[in-house]
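Hello,

Here is the structure I promised to pass on to you. Could you open it next to this email while you read my notes?

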Amino acid sequence: MKTTILSIVLLLFSATVFAQSTYSPETLAKIKEVENNITGNLVVNDARPNTILERMAKYKVKGLSIAVIQDYKVAWAKGYGWADEAEKRPVTPETLFEPGSISKTLNALGILKLAQEKKIDLYADINTYLKSWKFPYDSLSKGKKITLANLLSHTGGLSTHGFPGHNINGPTPTVFEVLDGKAPAVTPAVRSLFEPDLKFQYSGGGTTISQVILTDITGQAYDTWMYENVLKPIGMVNSTYAQPPSKDKRRLSASAYLPDGTPIAGKFHVYPEQAAAGLWMTPSDLCQYIIDMQLAQQGKASKVLSPEMVKLHLTPYHNESAAMGTFIMDLQGAKYFEHGAGNDGFCGQFYGSLEDGYGVAIFLNSENGRLLYDVIQSVAKAYNWKNFYREPQRKTSISVSDDVIKTYEGLYLFDDSWAAVGKKDNEYHFFTDGTHAKMYYTSPTRFFNEEFQAVKEFVKDDKGNILGYTRTVGDKEFPIAKKIGNLDTLKLANPFFNQIGWYFFELKKYPESLAYFKRGVQLYPEDLNMAGNMAHLYLFNNDYKSALAIYKAHQKNMVRPDLSFEKLMQDDYTYFKDHNYDVKLFDKVFAELKVKKP
């Protein structure tokens with residue numbers, strides 16, 4: 001029996017009634033205003049605004065927690081939906097989330113505190129303070145030294161944007177294995193991409209180096225020192241950098257869910273990169289940090305930082321927006337500090353005004369972050385944030401039959417990317433850049449999406465065959481996106497074959513997925529990652545013999561210097577298992593080739 005949207009909404013509603021605070025009539029009216037005016041950036045056919053619960057159901061978000069700041073105080077905090085759906089454990093303001101990169105913001109406070117205590121120099125070579133590990137400079141750094149100021153502002157020219165988490169029941173790398181890209185780490189070594197101070201390059205790897213410096217300087221465990229010297233003093237008493245959190249914290253911890261609503265195996269993932277991604281917290285706790293910085297901007301003493309360090313934390317460094325631990329937005333003179341976040345099965349965002357006492361922190365136990373924008377815009381409108389709220393676009397659309405849209409189904413190439421029109425969840429979508437976007441038609445051939453600016457129109461030849469689609473943004477026309485024809489003669493850049501293969505895989509169109517991987521291997525036989533993908537798809541197409549032959553042929557090969565083919569098999573096995581795919585044939589392969597299952 002299928003669960004209807006209405007029943008989902010009712011379930012979510014029932015999960016909001018626990019452990020919520022009592023507020024004044026004025027505050028309750030504001031809460032209702034925020035909850036009932038979720039529009040996003042596009043309104044089609046004058047549709048009424050959604051409620052938070054309706055948008056959660058639409059985006060398959062299990063749980064949401066929010067805290068709103070007004071006049072330098074937490075005005076209200078509330079939870080919606082499920083911290084753990086299977087356990088029927090609701091989200092409350094006390095539920096802990098692991099949203100990811102906001103961890104970098106509080107980590108920056110720890111490093112800046114060490115600087116104000118004269119234990120480090122923010123502008124000295126990082127190897128001055130690294131004892132347990134040294135950064136291996138090479139020619140790419142052009143002889144320039146990387147500093148802690150570079151690490152905190154992402155101007156060190158370093159690699160490794162972010163980190164996937166690790167199954168709580170599997171092997172977890174040490175922070176040193178992460179930095180050197182050694183198993184069981186699954187990311188490449190953190191190294192120079194170019195010289196420091198050249199430009200902004202977001203690097204969770206750089207933040208992880210600052211974690212090692214902090215522990216080397218203090219001689220204490222990272223989570224212990226950060227709690228005693230940053231989190232507790234600032235008022236984040238419920239938060240922790242412990243990975244994984246202690247047993248008493250786990251009963252308060254939200255479980256993580258994939259964008260399609262599938263639970264992550266083991267409830268959540270573990271991050272040895274504590275400074276970059278490992279902070280468990282509540283929105284109310286995070287608001288204590290936001291308020292502390294806001295009051296410090298007004299001349300009052302911070303509970304953690306000196307005025308000099310507050311200024312460094314809230315002022316862009318060699319960049320228009322990136323400060324040491326935050327990003328600064330200037331919206332026509334109205335300034336805000338903010339940071340977004342995303343871990344496996346979680347995401348989050350905070351904003352704080354620099355001149356006024358309002359702000360918000362919001363976390364989801366889902367990777368689908370679209371809801372964050374929608375809710376924050378509703379908060380900004382309700383509380384009249386200066387120059388922040390953006391009125392949604394208002395457009396009209398018409399109905400077009402599936403029979404017509406089916407003629408558009410296929411793959412399209414444009415610029416240095418690709419797009420697809422295909423059916424997902426019984427509805428045709430436009431797909432590009434990892435996003436399935438609903439198609440709204442203004443004519444039988446012309447459509448637009450909420451997520452992308454361009455208006456697109458399909459182009460046909462004189463026989464009615466689809467050649468591609470045009471793209472227009474405002475008055476500017478872009479080159480046509482051409483429809484892909486014969487796969488046997490198709491030549492694309494190497495990554496495209498992997499991307500397209502996985503697109504079809506996620507739609508469970510295994511024969512189509514296999515066809516693109518086979519064509520990719522034909523053109524790029526040296527790409528063992530693609531060969532592994534092709535073997536996987538043979539299994540999903542129940543061709544065990546062909547899959548085994550590929551695994552066996554490459555079992556002792558290296559995919560790249562830091563990744564063996566066997567390790568690739570193990571990592572992919574974990575992915576399939578975590579995503580609830582049938583791995584029986586994979587079990588058979590591992591047994592026959594004597595590969596240890598992860």
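**Leu 331 and its surroundings**

Setting aside neighbours within four places in sequence, Leu 331 is in contact (heavy atoms within 4.5 Å) with Tyr 336, Asn 387, Phe 388 and Arg 390. Leu 331 sits in strand S7; helices (H or I, at least four residues) and strands (E, at least two) are DSSP runs, numbered from the N terminus. With a relative accessible area of 15%, Leu 331 is buried, where buried means under 20% relative accessible area, exposed over 50% and partly exposed in between, using a 1.4 Å probe and protein chains only. From Leu 331 to Phe 388 there are 57 residues in sequence, and 6.8 Å in space, C-alpha to C-alpha.

Before going on, a word on the source. This is a predicted model, in which local features need pLDDT of at least 70 and side-chain atom pairs count only at pLDDT 80 or more, while totals for chains, interfaces and linings use all residues. Residues are numbered from 1 along each chain as its sequence is written, and side-chain values use heavy atoms, with hydrogens and water left out.

**The seven-strand sheet**

Strand S7 belongs to an open sheet of seven strands, in the order S4-S3-S2-S10-S9-S8-S7, with antiparallel pairing. Two strands pair here if DSSP finds at least two bridges between them. The edges are held by strand S4 (89-90) and strand S7 (327-331); each has a single partner strand, so one side of each is left without a neighbour in the sheet. Helix H3 (residues 52-59) packs on this sheet, where it touches strand S2 (63-70) and strand S3 (73-84), and its direction makes about 40° with that of S3. For such angles, axes are lines fitted to C-alpha atoms (for helices, over the stretch in contact), and the angles run from 0 to 180 degrees between N-to-C directions.

Strand S8 (residues 334-343) and strand S9 (residues 346-353) run antiparallel and are joined by eight bridges. Within that pair, His 339 stands opposite Phe 350 in S9. Helix H4 (residues 102-116) lies across S8, S9 and strand S10 (359-364), and runs at about 115° to S8.

Thr 105 is part of H4, and it is buried, with a relative accessible area of 0%. Apart from neighbours within four places in sequence, the contacts of Thr 105 are Tyr 289, His 313, Gly 325, Thr 326, His 339 and Phe 350.

How much of S10 is buried? Six of the six residues of S10 are, so the strand is largely enclosed by the rest of the structure. Gly 359, Ala 361 and Phe 363 point one way from S10, Val 360, Ile 362 and Leu 364 the other way, and all are buried. On one pairing, S2 and S10 are antiparallel over six bridges, with Val 68 opposite Val 360 in S10. S9 and S10 also run antiparallel, joined by six bridges, and Gly 348 has Phe 363 in S10 as its bridge partner. S9 and S10 form a hairpin with five residues between them.

The axes of helix H2 (residues 25-35) and helix H13 (residues 370-382) come within 8 Å and cross at roughly 135°. H2 and H13 are therefore oblique to each other; angles under 35 degrees count as roughly parallel, over 145 as roughly antiparallel, 65 to 115 as roughly perpendicular and the rest as oblique. Lys 30, Glu 33 and Val 34 of H2 make the contact with Ser 378, Val 379 and Ala 382 of H13.

**The nine-strand sheet**

There is also an open sheet of nine strands, in the order S15-S14-S13-S12-S20-S19-S18-S17-S16, with antiparallel pairing. Its edge strands, strand S15 (435-438) and strand S16 (440-441), each pair on one side only. S16 and strand S17 (residues 446-448) are antiparallel over two bridges, and Tyr 441 has Phe 447 in S17 as its bridge partner. Helix H15 (residues 494-506) lies across strand S12 (410-414), strand S13 (417-424), strand S14 (427-432) and S15, at about 10° to S13.

**One more residue**

Met 534 lies in helix H17 (residues 528-540) and counts as buried at 10% relative accessibility. Leaving aside neighbours within four places in sequence, Met 534 is in contact with Leu 514, Phe 517, Lys 518, Val 521 and Ile 550.

Best wishes
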